[in-house]
Amino acid sequence: AVVSTQSTGGKLVKHVPSRDMLTPEVVDLFARGVAINSSYSSKVIPAQEVGNLPKHLGNKTECALIQFCGEIGEDYEKIRKEVPEESFYKVYTFNSKRKCMATVLKTPTGYRMFVKGAAEVVLGRCDHILGEEGSPVALTNATFDRLIIEVIETMAGDALRTICLAYKDFLEGEEPDWEDEDVALKKLTCISIVGIEDPVRPEVPNAILSCQKAGVKIRMVTGDNLITARSIAKKCAILPPDNDEDKGGHILEGKAFHKLVHDDNGAFNQDKFD
């Protein structure tokens, strides 16, 4: 479920915001960015009975975003019918290097690109953000730093997966080299940053503690950033509650781990891994 969101000028809302808290421009861009720039196999099936939860089909992160669109009164299926996949001009699929995905549409005046992915990565590609009135304003260094500390790191510290949604318009005649991602996927306008929680099941901490008592070492591999990973590891009892950066805790990013288990020539070394 989406439990936090940042939008309209960097305001952090620690609950699911209502539609009237957002400008029409933000609602429209957010809904279209989610509905279009997601796998069309990701769907949310409404609950059949009162009190039951909707059913998520496909990517769980995308489904959480789709469900949020419904909660602010937007119909993702209607948007997808208006913009079928066959109409996409260019698609950048998500991968571990890019850490985001993007979909480009042809418009009457040029092109519009929607981008979503790891918050710190996508925000780093932005030079504007939707302001209080719903119009783009310059993303200053001070605002960028504040968003990283007060929004992204705050959410990550609460074990939330942070996702940034952005867009960019290209006028006719200003079409970039779409194969040059460093050019095409930059100077974006941030629409919103959301935090998504994947709750730890109640039985997990005790199960991990039982394994640890039996001498089994538990390790967690995740695509989340270090702050989110540490917070989740604490909730799962993989790390003690008082563990923080100053007290260590064996948390490595993928690049650092890769170096530890590979030789200088890039070959995997089983002895180093063991």
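This is a predicted model: local features need pLDDT of at least 70, side-chain atom pairs count only at pLDDT 80 or more; totals for chains, interfaces and linings use all residues.
Residues are numbered from 1 along each chain as its sequence is written. Local features need pLDDT of at least 70, side-chain atom pairs count only at pLDDT 80 or more, and totals for chains, interfaces and linings use all residues, while side-chain values use heavy atoms, with hydrogens and water left out.

Let's start with the helices (DSSP runs of H or I, at least four residues; strands are runs of E, at least two; both are numbered from the N terminus). Helix α1 (residues 24–36) packs on helix α2 (residues 60–71) at about 145 degrees, with the axes 10 Å apart. Those axes are lines fitted to C-alpha atoms over the stretch in contact, and angles run from 0 to 180 degrees between N-to-C directions. On the α1 side, F30, A31 and V34 touch L65, I66, F68 and C69 of α2, where contact means heavy atoms within 4.5 Å. That contact is made up of 7 nonpolar residues, with no polar and no charged ones.

Next comes strand β10 (residues 160–171), with 9 of its 12 residues buried, that is, under 20% relative accessible area with a 1.4 Å probe, protein chains only.

| Partner of β10 | Direction | Bridges |
|---|---|---|
| β7 (residues 110–118) | antiparallel | 9 bridges |
| β11 (residues 188–197) | antiparallel | 8 bridges |

C164 in β10 is the bridge partner of G117, and C164 also stands opposite I193 in β11.

Finally, M155 sits in helix α5 (residues 141–157). Why does M155 count as buried? Because its relative accessibility is 2%. M155 and I227 are 72 residues apart in sequence, and their C-alpha atoms are 9.1 Å apart in space.

Note on methods: Ala, Val, Leu, Ile, Met, Phe, Trp, Tyr, Cys and Pro count as nonpolar, Asp, Glu, Lys and Arg as charged, and the others, Gly among them, as polar. Buried means under 20% relative accessible area, exposed over 50%, partly exposed in between (1.4 Å probe, protein chains only). Two strands pair if DSSP finds at least two bridges between them.
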